[in-house]
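Try each task before reading its solution.

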Amino acid sequence: MQYVIVGGSIAAITALNVIRANRPDAKMQMVADEAVPFYYRALIPFLLDKSRTVDEILFTEQPTDDKRVKFHHDRCVGVDSTQKVIRLESGNPLPYDKLLLAAGSSSVRPDIPGVGSTGVYTLRNMDEALKVRDALEGCGKAVVVGGALAGIKMAESLQRTGVHVTVVEQFPRILPFIADTETAQRMSQKLGQEGMAIHTNDSAAEILATDGKATGVRLVSGKTIPADLVLLMVGVRPNVEFLAGSGVDTDLAVLTDQEMQTSVPDIYAAGDMVQIHDAVTGEDVISGLWGNAVHMGRTAGFNMSGIKAVVPPFLSSFNSTEIAGLPIISAGLIHPQSEQYTVYTEAQGENYRKLIFDKDRLVGMIFLGDITKAGVYINLIRNRIALGERKDALIREVMSVLSTL
Ligand SMILES: Cc1cc2nc3c(=O)[nH]c(=O)nc-3n(C[C@H](O)[C@H](O)[C@H](O)COP(=O)(O)OP(=O)(O)OC[C@H]3O[C@@H](n4cnc5c(N)ncnc54)[C@H](O)[C@@H]3O)c2cc1C
């Protein structure tokens, strides 16, 4: 059995490890356009301020150490599902019996004047992170366009190098997908105290440049912000172009069933290039989350090995991180728009907790500061547990923690 895996990140590696464990006879080929060794993508912000070295963000076990795995540092440019081969940029066709698509997503580069100037970067992979790290030599001011999680993580890291950082976010608040207004205000205040400038309700209209080198950013509001370096962190789009003509159905991203099989037999997909159905909101979205990529990769790996498995319910919003020294965990529906939902909040010093219920079901939560037992409540959200009369006791349990701090 010939397994071919396109992609070299967490969804691909998780699937590969499951196949290696369950099919000792398997021949496995991996195609990834980033060179090995494999690394934890979410940790690349820490390369900028050198708080982590490259070695420290590598997977401790590299799947390519297994002699059964053949690695191709190449790019998949097409899939012929009739002949069961993929085409590589180098020109070689690669036959498969079972194929996993795990090509993730790429940074969006906004089409604004000056975007091609020297000193303007997108940042999603290690190669780009190392380029930005080198460009920080002699850099005094940076603008990060995009104040969602990845943008703020990069901004914090840049700031730790002594660079003055300005963040520009088009939403009325930073961290629009993981924070409510209260949490975002608290975070903005903390980041501001550390010297970061934040402009919300605004976006980049033009990169200003002299002799082809970026000197600043003009915002839609008309303000101009000087910068030696501009990071564009305005979002990602799934890498599905190479699937044109393959027969694999896509919408916002690749469509799969609960076993991660695509519309084409023997072709599976996992990770950020897959469209998921959110268990709470019922919306079809692109996940963009590490944990979901793990679940998808594992499920695909089992089914490709001939062992039936289905993915657990997905949350498209579930983040656990630390910003400005404050831990934050948020999950589920954190911006309820209808009166059908009941919201409970409690604050104590730097700690803040919010619970959102749909009748007796917990559908969303934000814990800022003290994050004790957050995992328990996230499972209630993910599995849509009806709490019945236990709802009031749960609210008391969650909120009373703050009064004991
Ligand atoms: C800065 C940053 C911080 C993040 N922080 C968090 C966090 O705190 N929590 C969280 O849950 N998630 C976080 N994420 C998101 C998380 O990293 C992604 O959800 C996860 O990496 C998705 O994994 P994946 O395997 O689907 O794809 P990716 O990690 O996108 O990897 C896909 C790989 O496939 C390669 N590839 C693409 N096209 C081809 C092709 N045609 N041929 C061959 N190879 C190809 C790509 O180069 C890449 O190496 C963060 C992401 C970034 C960038």
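A residue counts as buried if 20 or more other C-beta atoms lie within 10 Å of its own, and as exposed if 12 or fewer do. Keep in mind that this is a predicted model.

**Exercise 1.** Find which residues of α6 are buried.

Solution. Start with the list: Asn292, Ala293, His295, Met296, Gly297, Arg298, Thr299, Ala300, Gly301, Phe302, Asn303 and Met304 are buried. That is 12 of the 15 residues, so α6 is largely enclosed by the rest of the structure. Next, look for the cover. It includes β1 (2-6), α1, β7 (98-101), β18 (267-269) and β19 (275-277). Finally, check the helix's span. From first C-alpha to last, α6 reaches 21 Å, close to the 21 Å expected. Gly306, with a positive phi near 90 degrees, follows α6.

**Exercise 2.** Describe the shell around the ligand.

Solution. Count first: 36 residues surround the ligand, and the closest are Ser9, Ala11, Ala103, Gly104 and Gly271. Sort them by class: 18 are nonpolar, 11 polar and 7 charged. Then trace the elements. α6 (290-304) supplies at least two shell residues, and so does each of α1 (10-22), β2 (27-32), α4 (149-160) and β21 (318-323). Last, the domains: domain 1 (2-106 + 237-304) and domain 2 (120-234) each give at least three residues.

**Exercise 3.** Decide whether Gly375 is buried or exposed.

Solution. Locate Gly375 in helix α7 (residues 374-382). Gly375 has 11 C-beta neighbours inside 10 Å, so it counts as exposed. Now compare sequence with space: Gly375 and Ala331 are 44 residues apart in sequence, and their C-alpha atoms are 10.0 Å apart.

Methods. Residues numbered from 1 in each chain as written. Predicted model: local features only at pLDDT ≥ 70, side-chain atom pairs only at ≥ 80, totals over all residues. Near = placed C-beta within 6 Å. Helix = DSSP H or I, 4+ residues; strand = E, 2+ residues; numbered from the N terminus. Nonpolar A, V, L, I, M, F, W, Y, C, P; charged D, E, K, R; others polar. Domains from an automatic or database assignment. Expected span 1.5 Å × (residues − 1). Contact = placed C-beta atoms within 7 Å.
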